[in-house]
Amino acid sequence: MASLSLEHVTKVYPNGFEAVKDFNLEIQDKEFIIFVGPSGCGKSTTLRMIAGLEDISSGTLKIGDRVVNDVEPKDRDIAMVFQNYALYPHMTVYDNMAFGLKLRKVPKAEIDKMVREAAKILDLEKLLDRKPKALSGGQRQRVAMGRAIVRNPKVFLMDEPLSNLDAKLRVQMRTEIAKLHQRLGTTIIYVTHDQTEAMTLGTRIVVMKDGVVQQVDTPQNLYDKPGNLFVAGFMGSPQMNFLDAEVEVQGDKASLKIAGQSIELPPAKAKKVIEGGYAGKTVTFGIRPEDVDDSEMVVNTSKAVFESTINVYELLGAEVYLYFDLDKFPITARVDSRTTARPGDKVKFAFDVEKIHIFDKETEKTIT
Ligand code: ATP
């Protein structure tokens with residue numbers, strides 16, 4: 001069993017800086033957990049504490065049922081793949097993968113079996129005699145993975161393993177890692193600041209900010225039901241649009257006043273806003289770019305229609321990003337590439353009211 005648990009884990013560096021604050025997480029066997037968040041939020045520090053490369057200042061770390069706070073890294077049954085996958089340049093691919101096993105005095109025949117098995121999984125069989133300098137970036141990355149795989153660990157820790165690769169290779173290796181997880185059936189904890197990697201790879205994602213866990217959930221839930229403004233803005237690209245709106249309540253109906261116009265909220269959302277006591281208050285209104293549409297059909301049937309002048313038009317192939325302002329707030333719409341809207345045009349937009357997010361302006365917590 002490769003379950004892991006972190007209970008009230010904290011990291012205070014010797015200079016007094018608290019990099020990780022009261023981190024709590026239960027990781028089940030075979031999960032693919034992603035730590036994501038902006039630079040400096042404490043992702044790597046948390047991973048390094050799990051690896052045993054960094055002391056835990058307070059709290060408990062368990063692998064299975066065993067408390068491992070004071071267990072040496074090599075005795076934790078975990079393998080770590082770093083972003084700077086330093087391979088030994090003078091050794092062949094085979095020897096790079098075999099090195100750790102040789103150190104541990106594993107019998108030669110067994111080493112051979114393990115290295116060849118890993119090479120097969122990673123499609124490195126034809127490259128076993130090559131030296132690292134004769135490999136592409138992606139191939140080197142696979143060798144680094146191979147070194148971890150041959151150890152047959154219960155848990156893989158990966159710290160931005162794709163960050164040194166070019167965009168195309170990143171996408172390719174991303175799929176490789178997803179396949180690897182399925183094939184090996186091990187628990188993986190993976191650090192990235194790339195939310196596409198987080199969304200596509202994770203069974204669950206831990207979003208961090210300033211050393212504090214903001215939300216732990218499946219990719220879909222994080223995207224559809226962000227717990228606060230930070231998570232809403234961090235997950236999704238282009239990011240969610242935010243603007244100020246005033247809540248107007250009449251009986252059991254509630255509307256948001258935006259740019260001088262009222263949008264009536266669907267009943268479930270109205271209920272949350274009314275029950276929260278937001279009548280007459282200013283809240284933060286959030287809407288994802290894909291929920292802002294300029295197509296005639298949608299605009300003609302919507303009750304939340306606005307007009308603005310296009311500032312910027314960006315064609316991305318199948319879709320177009322349109323940028324405009326509403327009540328001085330910048331808005332991005334992600335629309336079909338058949339749109340005829342161009343910079344300078346006055347265009348009507350509809351918001352999908354079912355997809356509206358509303359946040360408390362002070363606490364930044366999600367209201368609905
Ligand atoms: P990145 O994506 O940039 O790698 P991260 O989320 O992995 O960021 P960490 O490397 O965990 O962030 O660092 C968290 C915070 O702890 C940062 O503010 C960093 O400056 C600080 N920090 C890291 N190592 C030390 C150290 N040895 N002493 C003091 N502070 C440190």
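Which residue forms a salt bridge with Asp77, and how far apart are the closest N and O atoms? The partner is Lys154, with 3.5 Å between the closest N and O atoms; a salt bridge here is a side-chain nitrogen of Lys or Arg within 4 Å of a carboxyl oxygen of Asp or Glu. Lys154 sits in the loop between helix H4 (137-149) and strand E7 (155-159), and Asp77 in the loop between strand E5 (66-67) and strand E6 (78-81), so the pair ties together parts that are 77 residues apart in sequence. Helices (H or I, at least four residues) and strands (E, at least two) are DSSP runs, numbered from the N terminus.

The model is predicted: local features need pLDDT of at least 70 and side-chain atom pairs count only at pLDDT 80 or more, while totals for chains, interfaces and linings use all residues. Residues are numbered from 1 along each chain as its sequence is written, and side-chain values use heavy atoms, with hydrogens and water left out.

Both members of the opening pair are partly exposed, Lys154 with a relative accessible area of 37% and Asp77 with 34%. On this scale, buried means under 20% relative accessible area, exposed over 50%, and partly exposed in between (1.4 Å probe, protein chains only). The whole structure holds 20 salt bridges. Among them, Glu54 meets Lys11 at 3.6 Å, N to O. This pair spans 43 residues, from Lys11 in strand E1 (residues 4-12) to Glu54 in the loop between H1 and strand E4 (58-63). Glu54 and Lys11 are both buried. Another salt bridge joins Glu319 and Arg334, with the closest N and O atoms 3.1 Å apart; Glu319 belongs to strand E17 (residues 319-326) and Arg334 to strand E18 (residues 329-336). Shared partners also join Lys11, Arg48 and Glu54 into one network.

Helix H1 (residues 43-51) is mostly covered, with seven of its nine residues buried. Leu47, Met49 and Ile50 are among the buried residues. Gly52 follows the helix and has a positive phi, near 90 degrees.

Asp291 counts as buried because its relative accessibility is 11%.
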